[in-house]
Amino acid sequence: MHQLIFGVLALLSTGFFAFNLYKIAQNIHLGLPLNRSDQKAKRWKTMLLVALGQKKMFNRPIAALLHLTIYAAFVITQIELIEIFIDGLSGSHRYFQHSLGAFYTFTISFIEILSILAFIGTLAFLARRNMLKLPRLNMKELAGWPTKDANLILIMEIVLIACIFTMNGADEAALKLHSNLSNDFLISKSIGPLLFGGIDNLNTLHILEQVGWWGHIIMVFAFMNYLPYSKHLHIFFAFPNTYYSKLEPKGQIENMPSVTNEVKLMLDPNADPYSTPTNDAPAARFGAKDITDLTWKSLMDAYSCTECGRCTSVCPANITGKLLSPRKIMMDTRDRMAELGNYKRKNGKESQDGKSLLGDYISKEELWACTTCNACVQECPINIDPLSIIIDLRRFLVMEEANIPSELTGMLTNIENNGAPWQFASNERMNWSKEE
Amino acid sequence: MNIQVRTMAEMLAANESPEILFWVGCAGSFDDRAKKITKALVKILNQCKVNFAILGTEESCSGDPAKRAGNEFTFQMQALMNIEILNGYAVKKIVTACPHCFNSLKNEYPGLGGNYEVIHHTQLIQDLIYSGKLTLADNGTFKGKKITFHDPCYLGRANDVYEAPRELILKLDAELVEMKRCKANGLCCGAGGAQMFKEAEKGSKEINIERTEDALQTNAQIIATGCPFCNTMMTDGIKHAQKESTIHVMDIAELIANAADL
């Protein structure tokens with residue numbers, strides 16, 4: 001019976017998770033194409049250093065260490081999950097314990113140590129958010145669901161770890177009561193008797209062990225299926241997202257090929273202005289109004305964002321009280337993508353809901369506050385690039401809507417008329433060399 | 001000391017070709033403060049007998065502020081016109097004192113057919129000192145002074161040039177003091193992304209004032225930078241703090257020209 005329930009639960013939860021991941025992949029494919037399949041060696045290296053090695057996290061050592069405890073515990077616990085699956089499906093109890101012997105004891109002890117560290121890390125994270133009120137974790141774009149989301153994840157982690165120790169602790173206590181033996185797992189060896197030593201009923205201990213076991217695996221399934229609705233997806237997307245990082249210098253903004261075609265035509269004295277364009281590509285919009293005008297990488301960036309707010313905490317515009325927050329740009333992009341994706345799945349691929357990222361989510365005041373300084377890009381621990389979205393949205397405002405601050409219109413006119421952003425005649429460009 | 005400048009057109013007429021083109025930039029050509037930086041760099045180039053030329057009236061805006069403001073048309077128009085001129089003169093190597101021009105020429109022009117070796121003036125000056133062409137007179141101008149360096153975003157984060165300007169400051173026999181936010185963590189002066197040409201959006205503070213406070217905390221007498229826009233923003237910040245009589249904002253080229261008695 002247990003095996004059947006476990007099997008059905010495992011099948012349902014992985015199935016539902018896969019279904020939601022498929023929807024996310026579909027949403028990311030709403031973006032424009034971009035080739036990031038070059039320089040594979042450099043990409044692997046970036047991923048190993050930045051995602052696996054957490055290189056950029058260590059710019060803030062305290063947060064990095066706390067995060068590392070949870071990260072390491074999460075990764076290593078996956079080993080134990082293999083056994084839980086085998087036990088769950090076959091009805092065995094600690095399937096690997098006899099065959100692996102001392103190595104098994106070592107592995108589980110190691111997992112227990114990491115779990116204790118992760119427990120401390122999680123409590124510290126809860127305290128930083130809710131008691132110390134770290135500014136970047138208490139900004140206005142986090143009001144409501146994002147704050148609940150963050151706390152919920154941390155609480156789920158605590159429950160998960162509590163289940164692990166209930167399971168191992170009750171097992172230890174039962175073993176001791178029954179035959180005065182020990183599993184010899186480093187932490188539960190002492191925690192077990194401490195928590196459950198007072199119980200002298202073997203049956204109660206077995207039930208407690210089962211509660212821990214089931215609690216653990218149910219939390220795993222629940223957590224997995226919570227991920228697609230949460231900011232916490234970064235635990236997967238950190239890897240592809242760093243792999244597909246922009247490898248060019250940060251200052252380089254891509255030259256739009258659609259513009260190059262038109263500008264070359266304008267500059268070519270032999271061009272026939274009445275000829276029909278020969279390029280096969282459909283006349284695309286210049287810049288981005290909605291998420292469908294952004295590249296798929298910008299959309300993957302949005303799903304990868306875990307709302308840590310490092311970007312916003314270093315943004316010169318945000319620091320000085322402007323409306324712009326790079327984190328909000330990423331959250332808006334993700335929320336809009338989820339909204340449009342759902343709408344299109346319901347109403348057909350070509351359908352439009354009449355809303356857009358620009359205007360309904362992101363205001364032009366936010367966009368015009370950006371100094372393109374790249375601090376947000378530099379700071380992101382998983383190489384998210386909010387600046388690319390900001391520039392794409394600005395491009396739409398300027399090139400499609402001529403919606404631009406008037407001083408900038410003046411600057412652009414000057415460049416077009418006299419080759420400088422200020423109103424100086426181009427034949428005066430060398431005057432400095434003759435002035436004293 | 002009189003400065004000697006020749007244009008590419010003059011050189012071509014004399015059947016000569018320079019080893020490097022000095023891209024002056026709009027600020028360096030027209031802005032009164034930045035013109036002093038331009039002249040300081042020319043003095044250094046003259047002193048070291050560097051065979052250089054400028055485009056003169058044939059130079060035009062690199063297009064950087066247009067691109068960052070979202071007008072890709074104006075940017076590419078400028079870039080393609082500049083590339084036509086640069087390629088016409090078969091330019092191979094470019095030096096500029098403006099990190100914005102530096103970034104566009106180095107990173108964004110190649111995709112449009114303009115392939116040059118582009119260096120920032122601090123990198124060139126560093127080379128001139130290393131190769132022994134430029135020696136700094138031991139005139140004690142900066143002895144005992146504290147100098148802090150404000151990293152221009154388009155030199156630092158955008159292109160990972162952090163050390164050249166710092167090594168030059170260390171050559172001055174001065175003490176280099178770092179701001180709490182420096183190098184990759186440096187705070188923008190507030191001028192990038194075409195902000196130089198518009199009023200800041202509504203907020204609680206100007207960015208250049210926030211950045212100037214970083215600099216003031218170091219107790220430096222000189223704020224060094226390597227960008228004409230940063231220079232403007234920091235100078236304004238110092239004026240706002242009413243410290244202009246005691247603290248000076250100077251370009252690395254000016255510091256070196258002073259130390260070399262030029």
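## Chain A: fold and overall form

In chain A, 76% of the contacts with a separation of 6 or more join residues 24 or more positions apart. The model is predicted. Chain A has 19 helices and zero strands. Its radius of gyration is 28 Å, well over the 22 Å that the globule rule gives for 436 residues, so chain A is more spread out than a compact globule.

Along the principal axes, the C-alpha atoms of chain A fill a box of roughly 100 × 55 × 40 Å. Of the 436 residues in chain A, 38% count as buried.

## Two loop residues in chain A

Q39(A) sits in the loop between helix 1 (2-28) and helix 2 (40-52) of chain A. Its phi is near 45°, a positive value in a residue other than glycine. Is Q39(A) buried or exposed? Q39(A) counts as exposed, because it has 11 C-beta neighbours inside 10 Å, and the cut-off for exposed is 12 or fewer.

E307(A) lies in the loop between helix 11 (296-304) and helix 12 (310-314) of chain A. Phi of E307(A) is near 60°, again a positive value in a residue other than glycine. E307(A) is buried, because 24 other C-beta atoms lie within 10 Å, and a buried residue needs 20 or more.

## Where chain B meets chain A

Chain B places 56 residues in contact with 53 residues of chain A. On the chain B side, two or more residues come from each of helix 2, helix 3, helix 4, helix 5 (72-88), helix 6 and helix 9 (207-217) of chain B.

Which helix of chain B gives the largest share of the side that touches chain A? Helix 5 of chain B does, with seven residues. The residues on this side of chain B divide into 21 nonpolar, 20 polar and 15 charged.

Key:
Residues are numbered from 1 along each chain as its sequence is written. Chains are lettered from A and ligands numbered from 1 in the order in which they are written. This is a predicted model: local features need pLDDT of at least 70, side-chain atom pairs count only at pLDDT 80 or more; totals for chains, interfaces and linings use all residues. Two residues are in contact if their C-beta atoms, placed from the backbone, lie within 7 Å. Helices (H or I, at least four residues) and strands (E, at least two) are DSSP runs, numbered from the N terminus. Ala, Val, Leu, Ile, Met, Phe, Trp, Tyr, Cys and Pro count as nonpolar, Asp, Glu, Lys and Arg as charged, and the others, Gly among them, as polar. The radius of gyration is taken over C-alpha atoms; the globule rule is 2.2 Å times the number of residues to the power 0.38.
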